[in-house]
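Dear colleague,

I am passing a structure on to you, and below it I have set out what I found in it. Please read the notes with the structure open beside them.

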Amino acid sequence: MKINLNDTIVACATKVSRQAISIVRLSGEQSIEIVNKIVNKKLNENNKMQLRKIYDNKDIIDESLILTFEQGKSFTGEQVVEIQCHGGVLLTNKIISLLIEHGARPAKPGEFSQRAYLNGKINLIQAESINNLIDSKNELTLKISALNLEGKNNKSLLDMKNKLIDLISKIQTSIDYPDYDDVEGASVEEIKVELLNLQNEVLEVLETSKRFNFLNSGINTLIIGETNVGKSSLLNALISEEKAIVTDIEGTTRDIVEGQLNFENFTLNLIDTAGIRKTKNEVEKIGIEKSFSLINTSNLILFVVNKSKINYEIYEKIKDKKHIVVLNKVELLKNEEIKEIQKEFKNLVTVSALKGQVKNLIQKIEEEFNNGDLLESEVPILSNAFHIEMFKNILKLLKNSLKNINEGFTTDLINIDLYEILKILNNLLGIYDADEEVIDNIFRKYCLGK
């Protein structure tokens, strides 16, 4: 997306709909000048809330609270004006049209955040955290996204970057000043150790980010079992909603039915499938085939059984996957009967889905997927697929450096890869001039030229 930072842009920062208040935002050096053309009294340029009447020529159309931000003190880093007008599609669009008529242009999607990044107010990870905050489905992703927006990741990334700069500096010093032979840590073996340490840090970032994104996107949870064991009742009980049709007629569910269950630290994407049985009905057969095909793509399988319907063929297909055996309709069983079934399956919980008694299952799922430790993680957590690819590229470059050093290549070749890594980290952090940083570090740490 091509961007012109000289333009003053405008957009509605809230949804354009019938509501009490809408917020229209401008960003750019002419923001206050443009708004002054449609208000009854010029705005104070300091960070201040001001009440103004808005006019279309001589006709008053609204009285709004207007907040001004000085350049350098706003989200985008530019002069910003926010107009808190009365909500309504017609009024909001009318004000935006007036501002465009007087010199603003419509903002492109994400352009306010892009300007904040280009002006050094946020980095790429913080920009992505804004989207994650809006789209959070559970408390954990909400808290981690808020910490990332605050800049929690910055310190970890800067620490990694500083280690990298120091390693590049050592290698560069030994290349440029071969007589300067007392640079500590510049031997091949010492460089190899530092490369391995960096590689382990990158692997930890990728693994932690994978866990977070798994929770953020939702755990795909397949409910599978024979017909009439209570799969649909279980789905309805878990989400407290009559989403699936429940009858005593076998084969009622012929296609997948989906629901979502949000826990404090994760989200379940629930999929109720067609009951497994031998049938001549072609439509039902397709549903059963689809049920089996979903086994391989599921993160968790809830295998629903009751006393008279335990399909061991299904169990053989799912036993090596992450699963919970759900013994349903326990209200019809004696304790001795329950204990007998428990002997057959290690990972078994009892429920009465029809009566809404699924507490045992919920507790079991919480135990399996409690990821509260992510909040205490000191490593950066990446939530954007592009950022994760950037870190995968870092990993490739580190592996290539280790391969080259093990094969006896000179350290100047290794520094080519390390400079590429530095560019990637600077891109994430919104920092540039990598060469200058390395030169500063060489003279600061190794006192060349005194």
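What distance should the 30 residues of α7 span at 1.5 Å a residue? They should span 44 Å, and the end C-alpha atoms of α7 are 43 Å apart, which agrees; the expected span of a helix is 1.5 Å times one less than its number of residues.

This is a predicted model, in which local features need pLDDT of at least 70 and side-chain atom pairs count only at pLDDT 80 or more, while totals for chains, interfaces and linings use all residues. Residues are numbered from 1 along each chain as its sequence is written, and side-chain values use heavy atoms, with hydrogens and water left out. Helices are DSSP runs (H or I, at least four residues), numbered from the N terminus.

Helix α7 (residues 188–217) and helix α5 (residues 139–150) have axes, lines fitted to C-alpha atoms over the stretch in contact, that come within 9 Å and cross at roughly 125°. The contact (heavy atoms within 4.5 Å) is made by L140, T141, I144 and S145 of α5 together with F212, L215 and N216 of α7. After α7 comes G218, whose phi is positive, near 105°.

Turning to helix α13 (residues 385–406), its 22 residues should span 32 Å, and its end C-alpha atoms are 32 Å apart, which agrees. Several residues of α13 are buried, among them H387, F391, L398 and N404, where buried means under 20% relative accessible area with a 1.4 Å probe, protein chains only. α13 is followed by G408, whose phi is also positive, near 90°.

Notes
Axes are lines fitted to C-alpha atoms, for helices over the stretch in contact, and angles run from 0 to 180 degrees between N-to-C directions. Helices (H or I, at least four residues) and strands (E, at least two) are DSSP runs, numbered from the N terminus. Buried means under 20% relative accessible area, exposed over 50%, partly exposed in between (1.4 Å probe, protein chains only).
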